[in-house]
Amino acid sequence: MIKRLVLGEAGIGVALVLLAGFFVIAAPNFATEQNLRNIMTQITLNTVLAVGMTFVILVGGIDLSVGSAMALCAVVSGTMMAGSGSVVTLIGAILVSVLVGGVVGWINGFVSEQWRVPSFIVTLAMLNVARGAAERYTDAATIYDLPAALNDFGTITLLGIPAVFWVALLLAGAGWFVLSRTVFGRLIYATGNNEEAVRLSGHKTSRIKIAAFMIAGLTVGIAAILYMARLNIASPILGQGYELNAIAAVVIGGASLMGGRGSMAGTFLGACLLGVLTNGLLLMGVSDFERQIITGLVILVAVVLDAYRLRLARKLAVTQPAQAPAPAMIPS
């Protein structure tokens, strides 16, 4: 298992080490203890969102609404907990945030599967719906006076690591377990590889896909809480562009946008690479515009490499039929 994991993520791992090594030399403040904690804090939200996005992309879908949905989750739960010091209220608000995210994910999956609308279109519409609902819910106002306990959680460290990053690690670990050690995880991969074969084996692929979108929605609700814990506010404009960061982390981590291929370990490394890249360029004084260009080029290279791998796999399947990969195992 370990050998397969290392071999599968070796490329992105080597790229991450080389990139970090470059910034250690180029940016004197990069390797400080404080900056390493800053990087972990900065990649927390991308990691959490990318965990859910991995499930969606593995079944061949995509979710463009996670940033707006995060804003909606934040303002709904933030309104509940604002001005309250009650632990019960805080826990209730956290659950509501996760619930709202799950409902948004369910709507995305249900509409996409029920009416056979590409998830790209459905979630693009939800991007606007959720953002508009968040602004309407608060009259476009930012919510302050969140519980001190929430902000404390966003600033404390456990064993030298930010508490919020522990949450991201736990979610990534849980996602890895589900994908690699459960029947549901095998069905996720199988649906992305060959949906028709999964359907003929007696499984309802629509339920599997809807579940994948719901998982993405649940992680959105958690990300909203972590965002409020860090900044101590809930704003209807938060989360803009986060959907692209999550997709980029998954793609850079080696997942195929066609579905059926990818891993949680790769997603985590992809989020780390994006975080290191952004932080290092910032320390080097690179402007925001130039950072966007460089990050976009990195994503483009990842997509091109993915397309190249697919062509190479098809070519090998044609020229060496005896060594063609076996179809994905479908649980009965």
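Helices (H or I, at least four residues) and strands (E, at least two) are DSSP runs, numbered from the N terminus. This is a predicted model: local features need pLDDT of at least 70, side-chain atom pairs count only at pLDDT 80 or more, and totals for chains, interfaces and linings use all residues. Residues are numbered from 1 along each chain as its sequence is written, and side-chain values use heavy atoms, without hydrogens and water.

View A. The N to O distance is 3.1 Å. R291 is buried, at 15% relative accessible area. D288 is partly exposed, at 40%. Buried means under 20% relative accessible area, exposed over 50%, partly exposed in between (1.4 Å probe, protein chains only).

**View B. One salt-bridge network joins E113, R116, E195, E196, R199 and K209.** R116 meets E113 at 3.2 Å, N to O. R116 is exposed, at 54%, whereas E113 is buried, at 9%. R199 meets E195 at 3.0 Å, N to O. R199 and E195 lie 4 residues apart in helix α9 (residues 195–200). The whole structure holds 8 salt bridges.

**View C. Helix α3 (residues 66–81) packs with helix α4 (residues 87–114).** The angle is about 155°, and the axes are 8 Å apart. The helices are therefore roughly antiparallel (angles over 145 degrees). Residues in contact (heavy atoms within 4.5 Å) include L72 and V76 in α3, and V96 and V100 in α4.

Terms used:
Axes are lines fitted to C-alpha atoms, for helices over the stretch in contact, and angles run from 0 to 180 degrees between N-to-C directions. Angles under 35 degrees count as roughly parallel, over 145 as roughly antiparallel, 65 to 115 as roughly perpendicular and the rest as oblique. A salt bridge is a side-chain nitrogen of Lys or Arg within 4 Å of a carboxyl oxygen of Asp or Glu.
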